[in-house]
Amino acid sequence: DEQIERERASQHLAGGCCALAAIYLMGKFYVANAGDSRAIIIRNGEIIPMSREFTPETERQRLQFLALLRPELLGKEFTHLEFPRRIQPKELGKKMLYRDQNMNGWAYKKIEENDLKFPLIFGEGKKARMMATIGVTRGLGDHDLKVFSSNIHIKPFLSCFPEVRVYDLTQYEHCPDDVLVLGTDGLWDVTNDKEVAAVVMEVLTSYEPNDPCRYTMVAQELVVRSRGVLKERGWRLANDKLGSGDDISVFVIPLGGPGNYT
């Protein structure tokens, strides 16, 4: 993250990205995630999550707590409180459900002038946005990113620190069909864990266990199915739903097998 900041100044480069990394070290996989990519292990048909997405919804309390501690970051345009919907001026003095950085559930409060500001987090699911701008809350770069038509920087709320999960390969016997799947959000936006596991099993069984290209073909099939087919109404999946419009990057890494790829 610091290197990107230096290059921004020296080479006039802007932008940012999420990061998902897997390191194999002394019999263990270390999976680090900063952003909304995802990693899963498929072992004997079982799905084992190796990451979680960092979005305005999943990190609501961290973001609200930072905004509470440093209200100047909100630029007098936003409130750190969350409401079920936008509040109208005519609702001043009335009671409305809300929640703050300490609450999982909701409570009622009397609407005040400050509550009319735009909420720090607005929207639900994939449409949730922080400061009405960005849908991911961890990653690298984006040092220049600001709220539209304002001078409010978003970077203070974006964390470059990943969450790390560890998987000990020595604790289990792995067969050639056991894999670690790493994918960007373009894959997971339209394909869930069970669907990915089904594609993995389907493709792997059509190749010999010692064929090294079988894992590449799984990754390729996952990308192709998530993009869909170009039709008159855009890219469509097999169920005629919209295909992924985001970038789709997939790695499929074997956890076991014969090892003699000849």
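Which side chains meet in a salt bridge at 2.6 Å, N to O? Lys 109 and Asp 115 do, and they get their own view below. This is a predicted model, where local features need pLDDT of at least 70, side-chain atom pairs count only at pLDDT 80 or more, and totals for chains, interfaces and linings use all residues. Residues are numbered from 1 along each chain as its sequence is written, and side-chain values use heavy atoms, with hydrogens and water left out.

**View 1. The stretch from residue 1 to 255, as the record marks it.** UniProt, in an unreviewed entry, places the feature "domain: PPM-type phosphatase" at residues 1-255. UniProt positions are given in the numbering used here, feature names are shortened, and annotations may be inferred rather than shown by experiment. Over residues 1-255, 20% of the chain is helix and 26% is strand, and the C-alpha atoms at the ends sit 30 Å apart. Helices (H or I, at least four residues) and strands (E, at least two) are DSSP runs, numbered from the N terminus.

**View 2. An open sheet with three strands.** The strands run in the order E2-E3-E13, with antiparallel pairing. E2 and strand E13 (163-168) are the edge strands, each pairing on one side only. On average, neighbouring strands of this sheet are turned by 15° against each other, direction ignored. That angle uses axes, which are lines fitted to C-alpha atoms (for helices over the stretch in contact), and angles run from 0 to 180 degrees between N-to-C directions. Zoom in on E2 and E3, and you'll find an antiparallel pair with seven bridges; two strands count as paired if DSSP finds at least two bridges between them. Leu 20 stands opposite Asn 33 in E3.

**View 3. A nonpolar patch on the surface.** Ile 23, Leu 25 and Met 26 make up this patch, and together they have about 370 Å² of accessible area. Areas come from the Shrake-Rupley method with a 1.4 Å probe, and for residues only the protein chains shown count as cover. To join a patch, residues need over 30% relative accessible area and no salt bridge; like charges are joined within 9 Å, nonpolar side chains (Val, Leu, Ile, Met, Phe, Trp, Tyr) within 5 Å. Met 26 lies in the loop between strand E2 (19-25) and strand E3 (28-34). Met 26 is exposed, at 77% relative accessible area.

**View 4. A loop residue tucked away.** Ile 154 lies in the loop between strand E12 (140-141) and E13. With a relative accessible area of 0%, Ile 154 is buried. Buried means under 20%, exposed over 50%, and partly exposed in between (1.4 Å probe, protein chains only).

**View 5. Glu 82 and its two arginine partners.** Glu 82 forms a salt bridge with Arg 60, their closest N and O atoms being 3.6 Å apart. Glu 82 lies in the loop between strand E6 (78-79) and strand E7 (95-98) and Arg 60 in helix H2 (residues 60-69), so the pair ties together parts 22 residues apart in sequence. Arg 99 also forms a salt bridge with Glu 82, at 2.8 Å between the closest N and O atoms. A salt bridge here is a side-chain nitrogen of Lys or Arg within 4 Å of a carboxyl oxygen of Asp or Glu. Glu 82 is buried at 12% relative accessibility, and Arg 60 is buried at 7%.

**View 6. A buried pair and a network.** Lys 109 and Asp 115, the pair from the opening question, are both buried. Elsewhere, salt bridges that share partners join Glu 5, Arg 8 and Asp 144 into one network.
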